[in-house]
Amino acid sequence: MRGLFSMIIFLLVVLMMVTTQAGKEKKDKKKSKGTSDCAEWTWSPCVPNSGDCGVGTREGTCKEQTKKLKCKVPCNWKKEFGADCKYKFGNWGECDTATGVKNRSGTLKKALYNAECQQNIKVTKPCPTKTKSKAKGKKGRGKEN
């Protein structure tokens with residue numbers, strides 16, 4: 001009986017070792033698949049699939065390797081400086097009644113994919129057409145009696 005028990009323990013230990021080794025090899029294979037010996041990738045600008053904004057692709061090259069990544073060109077006001085330039089913006093300024101717009105400035109926080117970005121930018125938006133006023137009554141949950 002002792003021999004059978006020892007044999008079962010031995011088989012369980014061997015099975016655990018084989019399983020652990022297989023898991024480690026699978027993990028190592030995943031790591032090596034996504035990496036390359038290239039350190040200096042050069043990325044093209046994002047090119048929309050259709051039109052001048054929206055979902056598209058960008059191509060990266062390093063030595064003899066190429067990669068394609070999905071990307072997006074903004075269709076709103078960010079389009080003027082691109083999606084690859086990330087800025088930290090201040091608050092919107094007061095409305096300029098002469099021009100009908102308000103301004104705010106941004107300082108470059110990060111340039112992605114080797115993008116050439118301006119260090120400081122200024123953006124504008126139209127002033128609101130109506131001035132907001134406070135509600136005169138409470139919005140009730142039901143009918144007032």
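This is a predicted model: local features need pLDDT of at least 70, side-chain atom pairs count only at pLDDT 80 or more; totals for chains, interfaces and linings use all residues.
Select Y113. Y113 is partly exposed, at 34% relative accessible area. Residues are numbered from 1 along each chain as its sequence is written, and side-chain values use heavy atoms, with hydrogens and water left out.

**Stop 1: the loop at Y113**

Y113 sits in the loop between β6 and β7. Helices (H or I, at least four residues) and strands (E, at least two) are DSSP runs, numbered from the N terminus. Check the backbone here. Y113 has a positive phi of about 55 degrees, although it is not a glycine.

N114 belongs to the loop between β6 and β7. Its phi is positive too, about 55 degrees, and N114 is not a glycine. N114 counts as exposed, because its relative accessibility is 52%.

**Stop 2: R58 and its two contacts**

R58 lies over the face of Y113, 4.1 Å from the ring centre. The test for a charge over a ring is NZ of Lys or CZ of Arg within 6 Å of the ring centre and within 35 degrees of the ring normal. R58 is buried, with a relative accessible area of 4%.

Which side chain meets R58 in a salt bridge? Select D84: the two side chains meet at 2.8 Å, N to O. D84 is in the loop between β4 (65–73) and β5, R58 is in strand β3 (residues 54–62), and the pair links distant parts of the chain, 26 residues apart. D84 counts as buried because its relative accessibility is 15%. The structure holds one salt bridge. The criterion is a side-chain nitrogen of Lys or Arg within 4 Å of a carboxyl oxygen of Asp or Glu.

**Stop 3: the aromatic rings**

Ring pairs link W41, W43 and Y113 into a cluster. Rings of Phe, Tyr and Trp (its six-membered ring) pair if their centres lie within 6.5 Å; planes under 30 degrees apart count as stacked, over 60 as edge-to-face and the rest as tilted.

How many aromatic pairs are there in the whole structure? A search finds three. One of them is W41 with W43, a stacked pair at 5.8 Å centre to centre and 25 degrees between the planes. Both tryptophans, W41 and W43, are buried. Next, select Y87 and F89. Their pair is tilted, with 6.2 Å centre to centre and 50 degrees between the planes. Y87 is buried, at 10% relative accessible area. F89 counts as partly exposed, because its relative accessibility is 23%.

**Stop 4**

The bridge partner of F89 in β6 is G106. Strand β5 (residues 85–89) and strand β6 (residues 101–111) run antiparallel, joined by five bridges. Two strands pair if DSSP finds at least two bridges between them.

Move along to β7. Seven bridges join β6 to strand β7 (residues 120–126), again antiparallel. V101 has P126 as its bridge partner in β7.

Select K122, a residue of strand β7. K122 is exposed, with 56% relative accessible area. The C-alpha atoms of K122 and R104 are 5.8 Å apart in space, while the residues are 18 apart in sequence.

**Stop 4: the helix**

Jump to helix α1 (residues 2–34), where M17 is found. M17 counts as exposed because its relative accessibility is 56%.

**Last stop: zoom out**

Show the whole chain. There are one helix and seven strands. Along the sequence, the pattern is α-β-β-β-β-β-β-β. Of the 145 residues in the chain, 16% are buried.

Technical notes
Buried means under 20% relative accessible area, exposed over 50%, partly exposed in between (1.4 Å probe, protein chains only).
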